[in-house]
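Here are some notes to read alongside the model, in numbered points.

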Amino acid sequence: MSVTISRAARKRILAEAAQSPNEEVCGLLFGGESRIVSVLPTINIADNPANSFEIDPAALFAAIRNQRGGGERIVGHYHSHPEGPARPSVRDTEMALDTGRLWLIVTAGEMSLWRAGAPGQLEPVELALASPPSNRQ
Ligand SMILES: [Zn+2]
């Protein structure tokens, strides 16, 4: 099953990554089972952001609280690999314990999507661009 990403979300992630050529950027993905609708960039609090990422827990908890209150549903997160490639590092795989969550990895102008399966496994997911909003009247 492929997952779609909105044009706005894709643009935002690519822009964030482009603005940070030396450190990984990261953030949360919101939407549904098979779609990414919006994103929330968060601070990367990793000790060594040049080659790792850790989402700011305060931002994560705020998003969880918001979701419980009927807000946007968290479906996963994204992070960048400034030096590429757009696939999980060994460290990413080791951190993939959040079964079902989407992992989006972005590098220069390119992104790939993965879903956490069994602990320590990230399975590739086809990522498609969502259709533009209809202008029919
Ligand atoms: Zn990574």
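1. Let's start at Ser 112, which touches Ala 86, Arg 87, Trp 103, Leu 104 and Ile 105, not counting residues up to four places away in sequence; contact here means heavy atoms within 4.5 Å. Before going on, a word on the ground rules. This is a predicted model, where local features need pLDDT of at least 70 and side-chain atom pairs count only at pLDDT 80 or more, while totals for chains, interfaces and linings use all residues. Residues are numbered from 1 along each chain as its sequence is written, and side-chain values use heavy atoms, with hydrogens and water left out.

2. Ser 112 sits in strand 6; helices (H or I, at least four residues) and strands (E, at least two) are DSSP runs numbered from the N terminus. Is Ser 112 buried or exposed? Its relative accessibility is 15%, so Ser 112 counts as buried. The cut-offs are under 20% relative accessible area for buried, over 50% for exposed and partly exposed in between, using a 1.4 Å probe and protein chains only. Its side chain has a polar atom 2.4 Å from the backbone oxygen of Ala 86, and there is also a polar contact of 2.7 Å with the side chain of Trp 114. A polar contact is a pair of N or O atoms within 3.5 Å; within protein, one must be able to donate a hydrogen and the other to accept it, and residues adjacent in sequence count only if both atoms are side-chain atoms.

3. Ile 105, one of the residues that Ser 112 touches, lies in strand 5. Ile 105 is buried, with a relative accessible area of 0%. Leaving aside neighbours within four places in sequence, its contacts include His 79, His 81, Pro 85, Asp 92 and Trp 114. Pro 85 belongs to the loop between strand 4 and helix 3 (90–95).

4. His 79 and His 81 are both buried.

5. The count of aromatic pairs comes to one. The rings of Phe 53 and Trp 103 have centres 6.0 Å apart and planes at 85°, so the pair is edge-to-face. The pair links distant parts of the chain, 50 residues apart: Phe 53 is in the loop between strand 3 and helix 2, and Trp 103 is in strand 5 (residues 102–107). The rule takes rings of Phe, Tyr and Trp (its six-membered ring) with centres within 6.5 Å; planes under 30 degrees apart are stacked, over 60 edge-to-face and the rest tilted. Phe 53 and Trp 103 are both buried.

6. The largest nonpolar core has 18 residues, and Ile 13, Leu 29, Ile 36 and Leu 104 have the most contacts inside it. Helix 1 gives the most to this core, with four residues. A second, separate core of 13 residues includes Phe 30, Ala 96, Ile 105 and Trp 114. A nonpolar core is a set of buried Ala, Val, Leu, Ile, Met, Phe, Trp, Tyr and Cys residues joined through side-chain atoms within 4.5 Å.

7. Finally, Glu 72 lies in the loop between helix 2 and strand 4 and is partly exposed, at 39% relative accessible area. Its side chain makes a polar contact of 2.5 Å with the side chain of Ser 38.
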